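Please look at the sequence and the structure shown here before reading on. The report that follows takes up a few residues and their surroundings.

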Amino acid sequence: MHRLIGFAKVNVSNSLFARSQQHKNLSISAKTSAPKVQTYSYVIVGAGSAGCVLANRLSEDPDNSVLLLEAGPKDTIWNSKRLMWKIHMPAALIYNLCDDKYNWYYHTVAQKHMNNRVMYWPRGRVWGGSSSLNAMVYIRGHAEDYNRWERQGAIGWDYDHCLPYFRKAQCHELGADRYRGGNGPLQVSRGKTNHPLHIAFLEAGQQAGYPFTDDMNGFQQEGVGWMDMTIYKGKRWSAATAYLSPALLRRNLTAEEKTFVTKILFDGTKAIGVEYIQAGLPIKVYAKKEVILSGGSINSPQLLMLSGIGNADDLKALGIPVVCHRPGVGQNLQDHLELYVQQQCTEPITLYQSQKPFKMIRIGLEWLWKFTETDVLELRESVKLSREIFAQKAFDRFRGPEITPGSHIQTDKEIDSFVREKADSAYHPSCTCKMGQPSDPMAVVDPETRVIGVENLRVVDSSIMPSVVSGNLNAPTIMLAEKAADIIKGCPVLCDKDVPVYKHKS
């Protein structure tokens, strides 16, 4: 899915005026005393998957002071994860996906090619960002996704240069090998279960002629197999748990909650800080080294535009002073579509039966998510492939009538109509501040993650992907932030050449 984001200018003057009127009885000395200027080495906007990584890695140097700003609340109550069970219990994920308490609760404009339907887009608004709300699927994508990035102008972001950072981030329960990491902060487990429908699915896939893949993040992604999950000892292992929580013990890291950043502060074209609203009051903070945006593929381009970086004509029309003309800001939006093919089960063993409250804790890892490609043609083929798998012998004892799309939907035209009516976002918006060469007018950041045309400003999150990868976004975003942290600190860039990758004979 390719779309354009547009944002209107935010006007907070009325609310601030009302707030000041409520406090007109403050003493004269309180009104006139000069506020203390808060200055840090780095100011990071957004405590999501990328922001948590950066906060940890940049504060490893005690000479750096780091401020992390998050619009949402902490992911704990009274420092307890048990009390915030809706986030940390894997089986409770559906609660926050349908609730705006920890969620920006976005919706798209009507989609012309999807029967003008409006798509729901949950995005995390809490420490950990979307890694505190997602389905905990750990999928990196295909090696060729990253080789394509380099061809698209992101020099130094090919698979040889990305794989070491996947390993650096990861602590896989099966231990380290050429593809897996064994000592990183991000706990990853193999999502094996004994559920008979899961077993039948794997058997049916092989009966249909598809290979079994021992590690979807290893040598061969193509095939059927067990997914890796960011779950550890029965709990969600978000970026906040993996990276932010241990780093909060450092005196040089400050993490704020409920702070809504309204603009980046500039001295000419040099970013010097940000302004944000907290408890209804505007606050300015300054960065000696850099301001880093990690708000994600919706919020990062929005903040750039509100701060004067974007298409100059659009900004002028909204009355926003132009700092830098970058027409690619908010363009190139890509997402995955997903579609469900459902069969009635002849035995009372489906996950639906487990959604009763007293059974939810028992589900654990027993979630099977199917993500497909992005256009109608490939979704049509995915419907046919799913039917092929359901028709195999392994499903004979469980297979009832097809529920969706239904046995009456058979022709390509009928399937395409079903896709347009029922396909929905897989909640993977990306690529809205794409990485590329400065000579590319649509590139927003260079391969060093610096915003082109200004100084001391970077974007590090899923928005800088040149194109969407073949999988969920959490693992690639964490990898991207790990690599960006080394770039920012001036560390030697990791590389592992000639790692074997499966290539289909065709």
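Predicted model: local features only at pLDDT ≥ 70, side-chain atom pairs only at ≥ 80, totals over all residues.

When its neighbours within four places in sequence are left aside, A271 is in contact with I264, L265, F266, V291, E455, N456 and L457.

## Aromatic pairs

How many aromatic pairs does the structure hold? There are 10 aromatic pairs, and one of them joins W104 and F260, a tilted pair with 6.3 Å from centre to centre and 55° between the planes. W104 is found in the loop between helix 5 (93-97) and strand 4 (106-107), while F260 is part of strand 13 (residues 260-267), so this pair ties together parts that lie 156 residues apart in sequence. W104 counts as partly exposed at 23% relative accessibility, and F260 also counts as partly exposed, at 33% relative accessibility.

A further pair is formed by F219 and Y502, whose ring centres are 6.1 Å apart and whose planes stand at 75°, so the pair is edge-to-face. F219 is located in the loop between helix 8 (196-207) and strand 9 (228-229), and Y502 in the segment after helix 15 (474-489), so here the parts tied together are 283 residues apart in sequence. F219 is partly exposed, with a relative accessible area of 39%, and Y502, at 23% relative accessibility, counts as partly exposed as well.

## A cluster, and charges over rings

Elsewhere, which residue has its charged end over the ring of W157? That residue is K483, whose charged end sits 4.6 Å from the centre of the W157 ring.

## A nonpolar patch on the surface

On the surface, I77, W78 and L83 form a nonpolar patch, and together these residues have about 370 Å² of accessible area. I77, one of the members of this patch, has its place in the loop between strand 3 (66-69) and helix 4 (85-88). With a relative accessible area of 30%, I77 is partly exposed.

Conventions
Residues numbered from 1 in each chain as written. Heavy atoms only, no water. Phe/Tyr/Trp six-rings, centres within 6.5 Å; stacked < 30°, edge-to-face > 60°. Helix = DSSP H or I, 4+ residues; strand = E, 2+ residues; numbered from the N terminus. Buried < 20%, exposed > 50% of the residue type's maximum accessible area, 1.4 Å probe, protein only. Lys NZ or Arg CZ within 6 Å of the ring centre and 35° of its normal. Patch = residues over 30% accessible without salt bridge, like charges linked within 9 Å, V, L, I, M, F, W, Y side chains within 5 Å. Areas by Shrake-Rupley, 256 points an atom, 1.4 Å probe, with all protein chains shown as cover. Salt bridge = Lys/Arg side-chain N within 4 Å of Asp/Glu carboxyl O. Contact = heavy atoms within 4.5 Å.
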